[in-house]
Amino acid sequence: MSTSKTGKHGHAKVHLIATDIFTGKKLEDLSPSTHNMEVPNVTRQEYQLLDIDDGFLSLMTADGDTKDDVKTPETSLGDEIQAAFDEGKELLVTIIAAMGEEAAISFKEAPRS
Amino acid sequence: MSAEKPAEVDVDAASLEQLRDILVNKSGDSSLALRFRALFNLKCIGEEFKQNREKANTAVEYIAEAFADDSELLKHEVAYVLGQSKNLHSAPHLREVLANDKQQCMVRHEAAEALGALIDTESLPLLEEYFKNDPLIEIRQTCELAIAKINYETSEEFKQENLEKSAYSSVDPAPPLSIDQDYKIEKLQNILNDQDKPLFERYRAMFRLRDISTDEACLALASGFADPSALFKHEIAYVFGQICNPVTVPSLIKVLQDKSEAGMVRHEAAEALGAIATDEVLPVLKSFLEDEDEVVRDSAVVALDMYEYENSNEMEYATIA
């Protein structure tokens, strides 16, 4: 984030560079420093991985329900999840959600209890 | 640099001398808008006296050269910028302008206000003199405010009060009323418009309303356009240029169109509209490019340049390109 010098009225422009959390794309915006901006509400939740089926992750929620609507990532992360799952490991997958979209961003082996 | 083509100067690359030459229009063909941008570039250097005193003071000297110009609008901005620079090296130039009755009213007003912005205690006797004796009410009122500001900033009261930090980088002629007291908008509007109260206190209500900046606060501020004082009204227009809330546009257009208003007030309304920069202001500003009053015509030029900047992807206003 960078801020311009100010002119007569003493307000600046703010130059923001951000990364799209879903696509990894770099995005820019230029806005007056005194304006309000909308900020997405991002939540992050871990789920236990039950299965991988036809490009979708089958996950278990904390309540014990299943959740089958998050896609397996099309990046190398997806391959890594698949490989670890095929090895028979118990996995926890972290899902972020913002503005009605969800995506898997990381995973780890479940702690043995 | 060729004399015919003063454009394409970058703020970081331009020398102080190049900026001065544009500001004072040495080549004779620098546009007013470009000269304003050069002025704000020089101001950015003039205020960095803590980093480089010699360079900052040179910038101040170059800015002050523009007081020899004829344009009331440009010179008033020069005085304004010197006050905003916080650089006390500006003070002798500003005192000279205040004391020079050949300078136009707006220029002298801005010089007096700038001495207050600099909290220049050495100027107090001069400000007292013009507060008591100047024939122009705009000058007397400005001196009243500058004296009150200097006294306030150097007082115990100032150290004890809780003030909201301003969203703007400007040095204002008065601080906002303290946040220790939870004023309602209506109460602030009453203080704002109470002509029996000291002007300094009314300005404090004005800046508190500015910092609240909601639609309701803006409409309360707009009620100040009914005041008889041109100085007071021009400050309302100035804060509207800061807030940039489109709810103020109709009141600003009304003031700009009213030829019975002082040039000082209409000029500030034009520049505020340029800063707000919504679609509706463009044809309005263009229609004042041929106004009878030079200060209003010139303001329309500067405001249209500001409009362009606000609507562009240009990061810096103060970069000459």
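This is a predicted model: local features need pLDDT of at least 70, side-chain atom pairs count only at pLDDT 80 or more; totals for chains, interfaces and linings use all residues.
The domain assignment divides chain B into domain 1, residues 10-160, and domain 2, residues 162-321. The C-alpha centres of these two domains of chain B are 20 Å apart. Their contact draws on 34 residues from domain 1 of chain B and 37 residues from domain 2 of chain B. The size of an interface is often expressed as the accessible area lost when the parts come together. For domain 1 and domain 2 of chain B, the area buried between them is about 3000 Å², with 62% of it on carbon and sulfur atoms.

The UniProt record, an unreviewed entry, places a "binding site" feature at B:H76, B:E77, B:H109 and B:E110. These residues span 35 residues in sequence, yet no two of their C-alpha atoms are more than 10.9 Å apart, so they gather at one spot. Of these residues, B:H76, B:E77 and B:E110 are included in the lining of the largest cavity. B:H76 is located in helix α4 of chain B, which covers residues 72-84, and counts as buried at 2% relative accessibility. Apart from neighbours within four places in sequence, B:H76 is in contact with A:K8, B:M106, B:V107, B:E110 and B:H267. B:H109 belongs to helix α6 of chain B, residues 105-117. The relative accessible area of B:H109 is 0%, so this residue is buried. With neighbours within four places in sequence left aside, the contacts of B:H109 are B:I139, B:T142, B:L231, B:H234 and B:M264.

A "binding site" feature is also placed by UniProt (unreviewed entry) at B:H234, B:E235, B:H267 and B:E268. Here the residues span 35 residues in sequence, but no two of their C-alpha atoms are more than 11.1 Å apart, so they gather at one spot. The lining of the largest cavity includes B:H234, B:E235 and B:E268 from this set. B:E235 is part of helix α13 of chain B, residues 230-243, and is buried at a relative accessible area of 3%. Not counting residues up to four places away in sequence, B:E235 touches B:E113, B:P173, B:Y203, B:M206 and B:F207.

B:H267 lies in helix α15 of chain B, residues 263-276, and is buried, with a relative accessible area of 0%. Beyond residues up to four places away in sequence, B:H267 touches A:K8, B:L73, B:H76, B:M106, B:V295, B:V296 and B:S299. The two annotated sites are linked by a polar contact of 3.2 Å between the side chains of B:H267 and B:H76. A:K8 is among the contacts of B:H76 and among those of B:H267.

In chain A, the domain assignment gives domain 1 as residues 2-32 and domain 2 as residues 43-109. The centres of these two domains of chain A, taken over C-alpha atoms, are separated by 33 Å. UniProt (unreviewed entry) places the feature "domain: Translation initiation factor 5A C-terminal" at residues 41-108 of chain A. This span is 16% helix and 56% strand, and its end C-alpha atoms lie 24 Å apart. A:M60 is in strand β5 of chain A, residues 56-60, and is partly exposed, with a relative accessible area of 27%. A:M60 and A:L49 are eleven residues apart in sequence and 6.5 Å apart in space, C-alpha to C-alpha. Not counting residues up to four places away in sequence, A:M60 touches A:Y47, A:Q48, A:L50 and A:D65.

Technical notes:
Residues are numbered from 1 along each chain as its sequence is written. Chains are lettered from A and ligands numbered from 1 in the order in which they are written. Side-chain values use heavy atoms; hydrogens and water are left out. UniProt positions are given in the numbering used here, feature names are shortened, and annotations may be inferred rather than shown by experiment. On a 1 Å grid over the protein atoms alone, a cavity is a set of points where a 1.4 Å probe fits but cannot get out, and a pocket is an open set with protein on both sides within 12 Å along at least five of seven lines; lining residues have an atom within 4 Å of a point. Helices (H or I, at least four residues) and strands (E, at least two) are DSSP runs, numbered from the N terminus. Buried means under 20% relative accessible area, exposed over 50%, partly exposed in between (1.4 Å probe, protein chains only). Contact means heavy atoms within 4.5 Å. A polar contact is a pair of N or O atoms within 3.5 Å; within protein, one must be able to donate a hydrogen and the other to accept it, and residues adjacent in sequence count only if both atoms are side-chain atoms. Domain bounds come from an automatic or database domain assignment. Buried area is the accessible area (1.4 Å probe) that two parts lose on being put together, summed over both.
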